[in-house]
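Keep the picture open while you read.

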Amino acid sequence: QNQEIEELALAGDIHLAADARRNGDPQSALRILMDHENGRNSTLQGNDLFAWRYLHSRVQRSAEVLPSAEQGIWDIERSVDNTRLVTCGSEGFVTVYHLVPSFQRQGHRKIASTELNCVAISPDRRMIATGGDNGQVWLLDAESLEVKDEFTAVPDNHVYSVQFLPDGCLLAAGRSSKIAKYDPVSKQVSYDFAIPGFSIIESLRVSQDGTWLVAGSGHGDLCRLRIPEQGPLVEQWRIRVPAPVSGNDILTLCIAPGEKSVFVSAGVGTILEYDLNSAQMLSEWQGLSRTHGLDVTDQYVFLGDNDGTCTVLRRLSSNAGLERICQWSGHPDRVTSVAAAGNRLPQILTFDRQGGSCLWPFPVDHVIRYEPSPAAHFFNARDCAGWTRMGELFRTAGRRVEVLSPEIGVWKTVIEMRSEEHTSEL
């Protein structure tokens, strides 16, 4: 009887571990499996042994929890040759990660006593630039992270974006309509570039040949401007990003490989893709929470949201839109930055505002996978959801508590509260 009880307990725990892995929690799955690790050679047999070994190997290969970043990560930048990543954040540190031949943290140094909001790496990978809350910009040696120069880009205000030009000059912008241009040879700063109508330049991206840039404002304006050899910027087009939920401030921009389109994170969970020549909207994705982490490769879009969720979207061919292929709870806190740490089969690097960092394999094989169904519509930002130990998914919807019926793909009401208050915990 004891043997039978142990076998039943093992079978139940394997089921729970499988559910935890599917629900995006490999750490819990591993803890459940390790309860049977000592006795597995004597008690596990047949299908149970196979299931234990299979799950154990899969969850061990799931997410690699990296050492703490020691700060909330506010920005992450990848070199043009996909060999390095650079981050900066709330405690004034700059960190360099090498992607080739394998992922590893290469350098980590405190640069300033203020928050660092943005970072960039030069096309030749020799210099790094970072901008802070005090309006200053620091230029660093990419290997030693030693400060080589410093200048004021936005006097007495925040710097939100820095970008290198191919000739080594640096553009810096922030809470101002002006863009500072720094020449590393003459060490002079000019303010000839400006974007009329922009009181806050939230994000700035420059083309690889340095002939044009895309800028997003804190009020939802997106524009493309030509960078002349001399004189002011020449505006080529300007649009106002729509706000389908609430708020349309542009949080971040990302030019897609090939420089044919730009992706915009705006408002509450809105991801938009625009043609860089015509300014026509090509695709739209509506998430559940504000998206601070955004990265784009030739095939995929990687997102990190305020609620700790990470999402991977597939870019469909012929401007057919975006398709969600996986989504998982990556962090217990806001995901502030995300990057594809590779090229053809990338790993996914994510950071949260507490300094937590994870390196996920791709494709992520332990996440909740969504299929097109009536259940694809989840809930608004005030609602919440949770899994039971048996793998049932419940959610709140106003005054109701509902359970997902996987057979028909719809939500069924199981409880309706008498209170008129919105149910926000489950």
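The structure holds 9 salt bridges, where a salt bridge is a side-chain nitrogen of Lys or Arg within 4 Å of a carboxyl oxygen of Asp or Glu. Before we look at some of them, a word on ground rules: this is a predicted model, in which local features need pLDDT of at least 70 and side-chain atom pairs count only at pLDDT 80 or more, while totals for chains, interfaces and linings use all residues. Residues are numbered from 1 along each chain as its sequence is written, and side-chain values use heavy atoms, with hydrogens and water left out.

| Salt bridge | N to O distance |
|---|---|
| Arg-78 and Asp-295 | 2.5 Å |
| Arg-125 and Asp-81 | 3.1 Å |
| Asp-221 and Arg-240 | 2.8 Å |

Where do Arg-78 and Asp-295 sit in the chain? Arg-78 is in strand β2 (residues 73-78) and Asp-295 in strand β22 (residues 291-296), so the pair links distant parts of the chain, 217 residues apart. Strands, by the way, are DSSP runs (E, at least two residues), as helices are (H or I, at least four), and both are numbered from the N terminus. Asp-295 is buried, with a relative accessible area of 7%. Buried means under 20% relative accessible area, exposed means over 50%, and partly exposed is in between (1.4 Å probe, protein chains only).

Arg-125 is in the loop between β6 (116-121) and β7 (127-132), and Asp-81 is in the loop between β2 and β3 (84-89), 44 residues apart. Arg-125 is partly exposed at 30%, and Asp-81 is partly exposed at 35%.

## A sheet of four strands

Those two strands also turn up in an open sheet of 4 strands, in the order β14-β15-β16-β17, with antiparallel pairing. Two strands pair if DSSP finds at least two bridges between them. The edges are β14 and β17 (234-240), each of which pairs on one side only. From one strand to the next, the twist averages 15°, with axes taken as lines fitted to C-alpha atoms (for helices, over the stretch in contact) and angles running from 0 to 180 degrees between N-to-C directions. Between β14 and β15 there are 5 bridges, and Ile-201 has Ser-217 in β15 as its bridge partner.

## The nonpolar cores

A nonpolar core is a set of buried Ala, Val, Leu, Ile, Met, Phe, Trp, Tyr and Cys residues joined through side-chain atoms within 4.5 Å. The largest has 17 residues, and Ile-179, Ile-195 and Leu-213 touch the most other members. Strands β11 (170-174), β14 (201-206), β15 (212-217) and β16 (221-226) each supply at least two of its residues, and β14 gives the most, with 3.

Leaving aside neighbours within four places in sequence, Ile-195 has contacts (heavy atoms within 4.5 Å) that include Ile-179, Ile-201, Ala-215 and Leu-225. A second, separate core of 16 residues includes Leu-222, Val-264, Leu-272 and Tyr-274.

## And the cysteines?

How many disulfides does a search of the whole structure find? It finds 0, a disulfide being a pair of cysteine sulfur atoms within 2.5 Å. The sulfur of Cys-118 is too far for a bond, because the closest cysteine sulfur, in Cys-88, is 6.2 Å away. Cys-118 is buried at 2%.
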